There are 2 protein chains.
Amino acid sequence: MKRFIVSRLPAPGRPSPLSREEGRHALQVYRLQDGDAVEALDGSGGSCRAVIRVGREVTLEHSGASRALDPSAQILPVTVELAVLKGDAMAEAIQKCVELGASTLQPVLTEYMVVKLGGKGEGAFVARWRKIADQSLKQCGRLTRLDILDPLALASLPKARTGELSFYCDEDSVTAERTESLVSASRSAGSASIRLAIGPEGGWSPADREHLARSGRRPVSLGPLVLRADTAVAFALSVCAAMTRPG
Amino acid sequence: MKRFIVSRLPAPGRPSPLSREEGRHALQVYRLQDGDAVEALDGSGGSCRAVIRVGREVTLEHSGASRALDPSAQILPVTVELAVLKGDAMAEAIQKCVELGASTLQPVLTEYMVVKLGGKGEGAFVARWRKIADQSLKQCGRLTRLDILDPLALASLPKARTGELSFYCDEDSVTAERTESLVSASRSAGSASIRLAIGPEGGWSPADREHLARSGRRPVSLGPLVLRADTAVAFALSVCAAMTRPG
């Protein structure tokens, strides 16, 4: 069933309009028609069944309660602190964050970063990332939005707090063999929340590594091979899921 | 350092030619020049340091022993039985298999498959998949090729053997809550080898599920959200790594 995000869920007798873009998508891409059954999401954990109504605008009409799902069971207490990557790589990494249940994405500006946010302005980038995340949310059935924060310089990342595990993934092949693996480092996580910094294509600079260490983050290795960014994100979140999810 | 695959590693006084395509890539894409240092791989675990020699053909000249790496530490005893996917999705899933250490990829033909291998012939597909895997191997530093087998119909998959864990990932949202998670199912894996069947975009058909069950494969859930194929592959391999790799 197709899913749509609305700012307010439809209630009985109180339909919700789709945004112009979502409405066009519903009719022209999905080829939905008046009366078709869909699911409405509010991106904050709420959902209900709905039918499409096509008039001067496209609206969703409440048609019943939704899946009895616990939104929190879909989410890991993990914040990914991701170096801003080039277009496609960033999109794929964001999709992995959504599908694999990261709660928060903190984009990070690093020294060896390839992308420059200056031209179009940071706001345009963040808006695009949030759109990618919303598409992914609808596809994978997640009920709560990935919280995408405004980019921060690496030196401004908050210090690791007590009761929180803070790591940075370091794939420097020289040091990787001596670095603790994320698997072993997260084994003791229990229900602690986790912060995971993941570097850019060019790796961390020496200054980046100093900032990371000074802010209380521990280096962890993601294994014996050099992973592309979206694979690194997927591996790290999967390991966190394996180590912290019951069952 | 750039890496190249050659059919035979260069030895002192006995250089190895690059294939025409690899030679062109070295000069025109990487802009390497006579005397540049590279790494030579044979795809079977062997490697050595080499320098590029540019003459009538491009050759690699032995220049020393390579990284003292244990190729087997890079590989998980996991065979991914992957439904054949559309072009890009298949490429991304193959890259995940290489980067995350699957030993073998068994492409599988399923009932709801979107791709038809008939036209160009299976051989052309398999050749393309092997090329994608080789590119990925060079990027991630893996020493042993992902073994990509010829496609098999789902009904012809070998039966699960004793001492081997055989799963199929089932994301049917109706049954997912009742299905054991891969995390819990692989917890007892130890050093057993694992077979993991991963379905196509359209999911398994009822007949597919019957074949899978009859061949001794157990359904496992990949968690509460619906994953795209390459994310499913990445999650499954990451969980296997977390559950079976020491440290």
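User: In strand 9 of chain B, which residue is the bridge partner of B:L109?

Analyst: This is a predicted model, in which local features need pLDDT of at least 70 and side-chain atom pairs count only at pLDDT 80 or more, while totals for chains, interfaces and linings use all residues. Residues are numbered from 1 along each chain as its sequence is written, chains are lettered from A and ligands numbered from 1 in the order in which they are written, and side-chain values use heavy atoms, with hydrogens and water left out. Strand 7 and strand 9 (residues 152–153) of chain B run parallel and are joined by two bridges, where strands (E, at least two residues) and helices (H or I, at least four residues) are DSSP runs numbered from the N terminus. Within this pairing, the partner of B:L109 in strand 9 of chain B is B:A153.

User: In strand 8 of chain B, which residue is the bridge partner of B:L105?

Analyst: Two strands count as paired if DSSP finds at least two bridges between them. Strand 7 and strand 8 (residues 147–148) of chain B have two bridges and run parallel. In strand 8 of chain B, the residue bridged to B:L105 is B:I148.

User: Through which helix does the chain cross from strand 6 of chain B to strand 7 of chain B?

Analyst: Strand 6 (residues 78–83) of chain B pairs with strand 7 of chain B in the parallel sense over five bridges, and B:V80 stands opposite B:L105 in strand 7 of chain B. The β-α-β crossover between strand 6 and strand 7 of chain B is right-handed; that is, with the strands pointing away from the viewer, the path from the first strand over the helix to the second runs clockwise. The helix through which the chain crosses is helix 2 (residues 87–99) of chain B.

User: How many of the six residues of strand 7 of chain B are buried?

Analyst: A residue is called buried under 20% relative accessible area, exposed over 50%, and partly exposed in between, using a 1.4 Å probe and protein chains only. Strand 7 (residues 104–109) of chain B is mostly covered, and the number of its six residues that are buried is five.

User: What is the relative accessible area of B:S16?

Analyst: B:S16 lies in strand 2 (residues 16–17) of chain B, and its contacts (heavy atoms within 4.5 Å), leaving aside neighbours within four places in sequence, include B:V6, B:L9, B:P10 and B:V58. Its side chain also reaches the backbone oxygen of B:R8 at 2.6 Å, a polar contact being a pair of N or O atoms within 3.5 Å in which, within protein, one must be able to donate a hydrogen and the other to accept it, and residues adjacent in sequence count only if both atoms are side-chain atoms. B:S16 is buried, and its relative accessible area is 1%.

User: What angle does helix 1 of chain A make with strand 1 of chain A?

Analyst: In chain A, five strands form an open sheet with mixed pairing, in the order 1-3-4-5-2, and its edge strands, each pairing on one side only, are strand 1 (3–5) and strand 2 (16–17). Helix 1 (residues 20–29) of chain A lies across strand 1, strand 4 and strand 5 (58–65) of chain A. Axes are lines fitted to C-alpha atoms, for helices over the stretch in contact, and angles run from 0 to 180 degrees between N-to-C directions. Helix 1 of chain A runs to strand 1 of chain A at about 165°.

User: What is the relative accessible area of A:R31?

Analyst: A:R31 is placed in the loop between helix 1 and strand 3 of chain A. Its phi is positive, near 55°, although A:R31 is a residue other than glycine. A:R31 is exposed, and its relative accessible area is 64%.
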